[in-house]
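Please walk me through this structure. I am new to it and would like a short report on how its parts pack together.

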Amino acid sequence: MEATSLKEIYASVNPDAKTIYVVPLIRFEVKKSDYLYLLYEELLNDDDYHIQPISVFNHFKLVFGLLKNRKQAILHYHWLEFQDMRSLAGMPWKIFCIYLFQKLGGTIVWTLHNEFPHDQKYLKLHDYLHNKMASWASILHVHCKKAVDIMSERLQAPKDKFRLVPHPDFPAFPVDKNKALQHLNDVYGCDLTGNQPVLLMFGNISRYKQIERVADIVINADYDCRLMIVGPIKKGNDDLYDELAAQSRRSDKIEVVAKFIPEEHVPWFYSASDYCIFHYREILSSGGYHMAKSYQKEIIAPDLGCLSEEGDQPNVHLFKDEEALKSELSKQLKPPENGR
């Protein structure tokens, strides 16, 4: 399957479309790090299309807009999932609007980010909704060839319905490492000296990333390093934060910065780090991986999903299981024996 572009996809499924409804909202306030903004950046300045982000509460605009535009509209949906009973309560309304949109002749493009919800809750209901959405969608958009094999089977969808548009690149703004270390020490109270390798796990603190298991490996290892765990706590993961905080108290190898990081501070963390570590339980595409790649970091990641296609990159080290992760970390961080 050859890579294409969103514009080519839209033109192929609805050449009359002028309006592209995007769900969820694009975060224009963080243009340098928002996946959706970077994905649609070129089209936002394209005279052929009007990109109109739609919030959860404004799904009715999909139907009214379709009627107003005489079917000259495409709905491009991302992340059709829910995490708790509150978000589940809003799902019937969203599904009804999506169903009505396609029933009235609207065209749907659905981007597949995950094989299934990361928290693995309500899996049967998610399977039902995702199979419905796959049947309604004209195009299933993925970021790599491996995702086609995985998701065509899971969604019982023909492979010719899939289109590959690569994950957008994140812009990088590296700074001098010593300055980055100083900024982190001054602003976030870190105690980084630059004498130890710094490992970074950046992004929402969530159970599916198995952060606590990486922390355990680092704490029990016979090499010296600092593991920086950085990002806001994802809803429902307070107990994970408690575990990480306890690990941080137990070992000075672990540093936890559990808060949202302003966009202008993000380069400090990447510039101060030597390695970016990922230990996903499951993954299709990973924005965190692409951010680390933009900063040209050494990356240690699982051989899963789209990451499996990155093993030929010179600074990417893939592992099959946790024992292989331990071995790779030791290989990268353990100093050579004397005389060798």
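## Packing around a histidine and a helix

Leaving aside neighbours within four places in sequence, His-279 is in contact with Met-201, Tyr-208, Lys-209, Gln-210, Arg-213, Val-214, Pro-302, Phe-319, Glu-322 and Leu-325. The model is a predicted one. His-279 sits in the loop between E10 and helix H12 (287–294). Is His-279 buried or exposed? Its relative accessible area is 6%. The cut-off for buried is under 20%, so His-279 counts as buried.

**Helix H9.** Helix H9 spans residues 211–220. Of its 10 residues, 7 are buried, so the helix is largely enclosed by the rest of the structure. Those buried residues are Ile-211, Glu-212, Val-214, Ala-215, Ile-217, Val-218 and Ile-219. What do they pack against? Four strands and helices can be named here, among them strand E7 (198–202), strand E8 (226–230), strand E9 (254–257) and strand E10 (275–277). Helix H10 (238–250) and helix H13 (322–333) also pack against the buried residues of H9.**H9 and H13.** The axes of H9 and H13 come within 11 Å and cross at roughly 45°. That angle makes H9 oblique to H13. The crossing of these helices is right-handed. On the H9 side, the contact is made by Arg-213, Val-214 and Ile-217. On the H13 side, Glu-322, Leu-325, Lys-326 and Leu-329 take part. By class, the contact of H9 with H13 has 4 nonpolar, no polar and 3 charged residues.

**H9 and H10.** The axes of H9 and H10 come within 10 Å and cross at roughly 15°. H9 and H10 are therefore roughly parallel to each other. Their crossing is left-handed. From H9, the residues that meet H10 are Ile-211, Glu-212, Ala-215, Asp-216 and Ile-219. Their partners in H10 are Leu-240, Glu-243, Leu-244, Gln-247 and Arg-250. This contact of H9 with H10 divides into 5 nonpolar, 1 polar and 4 charged residues.

Ser-251 has its place in the loop between H10 and E9. With 11% relative accessibility, Ser-251 counts as buried. How far apart are the C-alpha atoms of Ser-251 and Asp-216? They are separated by 9.9 Å, although the two residues are 35 residues apart along the chain.

**Nonpolar cores.** The largest nonpolar core has 51 residues. Which of them touch the most other members? They are Tyr-10, Tyr-40, Leu-184 and Met-228. Helix H2 (residues 35–44) gives this core its largest share, 7 residues. A second, separate core has 35 residues, including Leu-66, Leu-88, Trp-110 and Leu-284.

Tyr-10 deserves a line of its own. Neighbours within four places in sequence aside, Tyr-10 is in contact with Pro-15, Ile-20, Tyr-40, Leu-43, Tyr-49, Ile-74, His-76 and Val-109.

**Helix H3.** Helix H3 covers residues 60–68. Its buried residues are Leu-62, Val-63, Gly-65 and Leu-66. Their cover includes strand E1 (19–23), strand E3 (73–78) and helix H5 (91–103). Leu-66 is also listed in the second core.

**Backbone exceptions.** Most residues other than glycine have a negative phi, and most peptide bonds are trans. Some places here depart from that pattern. The peptide bond from Val-23 to Pro-24 is cis, with omega near 5°. Pro-24 is found in the loop between E1 and H2. Trp-79 has a positive phi, near 55°. Gln-156 has a positive phi as well, near 55°. The loop of Trp-79 runs between E3 and helix H4 (85–89). Gln-156 lies between helix H7 (145–155) and strand E6 (162–164). Trp-79 is partly exposed, whereas Gln-156 is exposed.

| Residue | Relative accessibility | Class |
|---|---|---|
| His-279 | 6% | buried |
| Ser-251 | 11% | buried |
| Trp-79 | 34% | partly exposed |
| Gln-156 | 70% | exposed |

Terms used:
Residues are numbered from 1 along each chain as its sequence is written. This is a predicted model: local features need pLDDT of at least 70, side-chain atom pairs count only at pLDDT 80 or more; totals for chains, interfaces and linings use all residues. Side-chain values use heavy atoms; hydrogens and water are left out. Buried means under 20% relative accessible area, exposed over 50%, partly exposed in between (1.4 Å probe, protein chains only). Helices (H or I, at least four residues) and strands (E, at least two) are DSSP runs, numbered from the N terminus. Contact means heavy atoms within 4.5 Å. Axes are lines fitted to C-alpha atoms, for helices over the stretch in contact, and angles run from 0 to 180 degrees between N-to-C directions. Angles under 35 degrees count as roughly parallel, over 145 as roughly antiparallel, 65 to 115 as roughly perpendicular and the rest as oblique. A crossing is left-handed if the near helix is turned anticlockwise from the far one by less than a right angle, and right-handed if clockwise. Ala, Val, Leu, Ile, Met, Phe, Trp, Tyr, Cys and Pro count as nonpolar, Asp, Glu, Lys and Arg as charged, and the others, Gly among them, as polar. A nonpolar core is a set of buried Ala, Val, Leu, Ile, Met, Phe, Trp, Tyr and Cys residues joined through side-chain atoms within 4.5 Å.
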